[in-house]
Amino acid sequence: MLLLFGWQHTITTKIMQKSMRGHLTAQNIVSILYLTVRFVQDAFLYVNIPWMRFTGYFINIAAVFIPLFGFYSAFYLGKPEDYQISKKWYLLLIPACFLSMLALTNDLHHFFYYIVPEEPDFTLSVQYSLCCYGLRGAV
């Protein structure tokens, strides 16, 4: 966590391109939220399986948005300070938000995960469905 705060300081002091700084900051914020959720899970929720599973759904937000913001940042490498990427690239946020909603919405997360039918007790290991792999490939 300390490294991410140090990285944020480096982003704000060394990156001159405002748009690239914004994308890297968004990526860093999602990373900090991911590590916070993982810490809370490991420190406090390991005995409360339903809450552990519920907070585990938030981890998928990081799995979708961290590479996406990194992808956006890569467009600015070697470009002038006032460079802006095409607005059409922001359309990638639509499948990313849709994928996050699949994971977080109780009615729709069965498209994201499926439970092994022979499993006697629900564990924290999940099996990803085909929809999950397809949307992650699209993002």
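Trainee: How many salt bridges does the count come to?

Mentor: The count comes to one salt bridge, meaning a side-chain nitrogen of Lys or Arg within 4 Å of a carboxyl oxygen of Asp or Glu. Keep in mind that this is a predicted model, where local features need pLDDT of at least 70 and side-chain atom pairs count only at pLDDT 80 or more, while totals for chains, interfaces and linings use all residues. Residues are numbered from 1 along each chain as its sequence is written, and side-chain values use heavy atoms, leaving out hydrogens and water.

Trainee: What makes aspartate 42 and arginine 38 a salt bridge?

Mentor: Their closest N and O atoms are 3.7 Å apart, so the pair meets the cut-off of within 4 Å. Both lie in helix H2 (residues 18–43), four residues apart, or about one turn. Helices here are DSSP runs of H or I, at least four residues, numbered from the N terminus.

Trainee: Why is aspartate 42 called partly exposed?

Mentor: Buried means under 20% relative accessible area and exposed over 50%, with partly exposed in between (1.4 Å probe, protein chains only). Aspartate 42 has 47%, so it counts as partly exposed. Arginine 38, at 30%, also counts as partly exposed.

Trainee: How do you know that the buried residues of H1 line one face?

Mentor: The buried residues of H1 are Leu4, Gln8 and Ile11. Down the axis of H1, they fall within an arc of 60° (taken from the directions from the helix axis to the C-beta atoms), so they line one face. They pack against H2, with contact meaning heavy atoms within 4.5 Å. On the other side of H1, Leu2, Leu3, His9 and Lys14 are exposed.

Key
Helix = DSSP H or I, 4+ residues; strand = E, 2+ residues; numbered from the N terminus.
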